[in-house]
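Please open the structure in your viewer and keep the selection tool at hand. The tour below goes from stop to stop, saying what to select and what is found there.

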Amino acid sequence: MCGIIGYAGHRPAVPVVTEGLRRLEYRGYDSAGVAFMRQDDLRVIRSKGKLAALEEKLADEPVTTATCAIGHTRWATHGVPAERNAHPHCSNDGALAIVHNGIIENYQEIKADLTTKGYIFHSETDTEVLVNLIAERRKSEPDLLHALAGALREAHGAYAVCLIQRDAPGTFYAARMSAPLIFGLGTGENFVASDIPAFLLYTRRVIFLDDGDIVQATSTDYQIMHLADLQPAKHDPQTILWDMQAAQKTGFRHFMLKEIFEQPRVITDALTGRITTGRDTVLLPELKDLPIPKRLHIVACGTSYHSALWGRHLLEHWAHVPVQVEIASEFRYRDALLQTDDMMLVISQSGETADTLAALRIAREHGATVLGLCNMVGSSIAREASAVIYTQAGHEISVASTKAMCSQMLMLALLALYWSGRRNNAAALTKGQRRKWITILETLPALLDTHLPSMHEKARQLSRKYSQARNFFYLGRGHCFPLALEGALKLKELSYIHAEGYAAGEMKHGPIALVDALFPTFALAPDDALFPKVKSNITEVQARQGKIIALTNEGMELAADEIWIIPRVAAPLVGFMILPVLQLFSYEMSDYLGKDVDQPRNLAKSVTVE
Ligand code: M6R
């Protein structure tokens, strides 16, 4: 959360930095700001709200020739979204400006100490404390690099920072600890940013900085050192192969809609090279050195957690692996009693979610093997896991996760088939059964391509009819329960309508008391072994005047206010048909209600603070 960028080069720096902020805005959009040199002054321009508000302010500024600048787009942690809390923050003497992503946990103590020394604070942020701590250190250190390193050693918590100073206008400094930061090497220009798209227009050569790295860079030179002793840190630059296509809407009204419609392609890409010609064996060479786990703990947050719950059904049923699934923020604070022969699977689209990363580190401390399932190549989770499988969904820009979940489900299905194949005994699937499931997986892209337009139209119609509802239940059983949770999450995060996902069988244990004619229920009732049970639960809701939108298959006997027929796919893989329906319904509800689809209020794409 929060996006930062630093630039030193031969171009006008402010447009480069604001363009980079546009590509980082998915990380937070409560306020934005830039800092650069104007003649002998360190100029800081900040604005509450989205980047557009900052751009309006910048339009009133005289054109600047500055070739070094920093920028920030904020997701508020300390202090309300307001201009005074927006970054960059300056030191009291006006000599330093900093942008920061993360939380300095001991900032109150540092602030108290600096206050006794006469420092004055204009914001409620931990960042303003940090920049003044650096200024204070600067008084006794030989140079700014040593002052920054000293201050960061004193500060506890998570950070990615970028700093510029009035007295050395062409240099930026940056450092990272538990927050993403990537260095971009251009020709006659260098960059640092929270994510690669911020500078991908200019260079594909990157260095993924490690925790504890500190950087000093000009347009033509850079040094990366260890924060602890300022000795050189060894890094080999890597070349980014993907392009900026993912960062364009390509004719779609919103990124979310585009990403929903990309799901057939996402499935095709995820299957490419993963299936043998006999169509009965899955290839996951990334896992060849890892045993089949005796016990698998899957840890994730948000939508990735729902993928994990869905994947558990397949891993248990197809591969006979005992699975526990847990929310990362809960896992990290209990005694998990991990064994050295346990395996942890961490699922994260961004690969940077703070709680998921913390869970990974705990597992590694316990000696457990950690497998990462990530979308972002080179992310912290991908780098720290013992092995990683990439979901290859491409950049997901919309804050609401869609195609990432589809790709996670696909990889979990492949993982279950892979371990089932390696187990190769009667307890797991036979070759013939594996061939059946693989064949079904391969039909999914074409099926989705055909049906997505009509699903979209139906979602549009129903959103008009149900847009006045203030509450929604999403009910499902078995493999559909995680999808019910996901449907409810999508509706609340996008349209701010209260929605609860429930295991259909749990309704009688309390929640059904809420049902009345104004509290509609989305019931997931595909043709599967639990259909009769779900049907009974639907009847119970109807007996309390509850309206039902039922997702089901052709030929199923079911009475509901709305019957939404989805293409027939054998359960549990029918989930690949249910998921886009839920996504499209929430998308249309949000758009019809005039909400900000791609950047819902209070949210950020990458949750790098706990
Ligand atoms: O990057 P991650 O998969 O670790 O992110 C996890 C959640 O923050 C994320 O899925 C979030 O719940 C989305 N807003 C859901 O749409």
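Begin by selecting Pro-88, which lies in the loop between strand S4 (68-74) and strand S5 (89-90); helices (H or I, at least four residues) and strands (E, at least two) are DSSP runs, numbered from the N terminus. This is a predicted model, in which local features need pLDDT of at least 70 and side-chain atom pairs count only at pLDDT 80 or more, while totals for chains, interfaces and linings use all residues. Residues are numbered from 1 along each chain as its sequence is written, and side-chain values use heavy atoms, with hydrogens and water left out.

Another cis bond runs from Ala-571 to Pro-572, where omega is near 10°, and Pro-572 is found in the loop between strand S24 (562-565) and helix H16 (575-592). Next select Gln-39, a residue other than glycine whose phi is positive, near 45°; Gln-39 is placed in the loop between strand S2 (31-38) and strand S3 (41-48). For background, most residues other than glycine have a negative phi, and most peptide bonds are trans.

**Stop two: the annotated regions**

Select residues 2-220, which UniProt lists, in an unreviewed entry, as "domain: Glutamine amidotransferase type-2". UniProt positions are given in the numbering used here, feature names are shortened, and annotations may be inferred rather than shown by experiment. This span is 25% helix and 33% strand, and its end C-alpha atoms lie 27 Å apart.

Then select residues 283-425 and 462-600, listed by UniProt (unreviewed entry) as "domain: SIS". Over residues 462-600 the chain is 37% helix and 18% strand, with 21 Å between the end C-alpha atoms.

Which residues does UniProt list for "active site"? The unreviewed entry gives Cys-2 and Lys-605. They span 604 residues in sequence, yet no two of their C-alpha atoms are more than 9.4 Å apart, so they gather at one spot. Cys-2 is in the segment before strand S1 (3-8).

**Stop three: the ligand**

For polar contacts, meaning pairs of N or O atoms within 3.5 Å, look at the side chain of Ser-348, where an N or O atom is 2.6 Å from an oxygen atom of the ligand. In Ser-350, too, a side-chain N or O atom is 2.6 Å from a ligand oxygen atom, whereas in Ser-401 a backbone N or O atom lies 2.8 Å from an oxygen atom of the ligand. Taken alone the ligand exposes 410 Å², of which the protein buries 90%, the accessible areas coming from the Shrake-Rupley method with a 1.4 Å probe.

Note on methods: A polar contact is a pair of N or O atoms within 3.5 Å; within protein, one must be able to donate a hydrogen and the other to accept it, and residues adjacent in sequence count only if both atoms are side-chain atoms.
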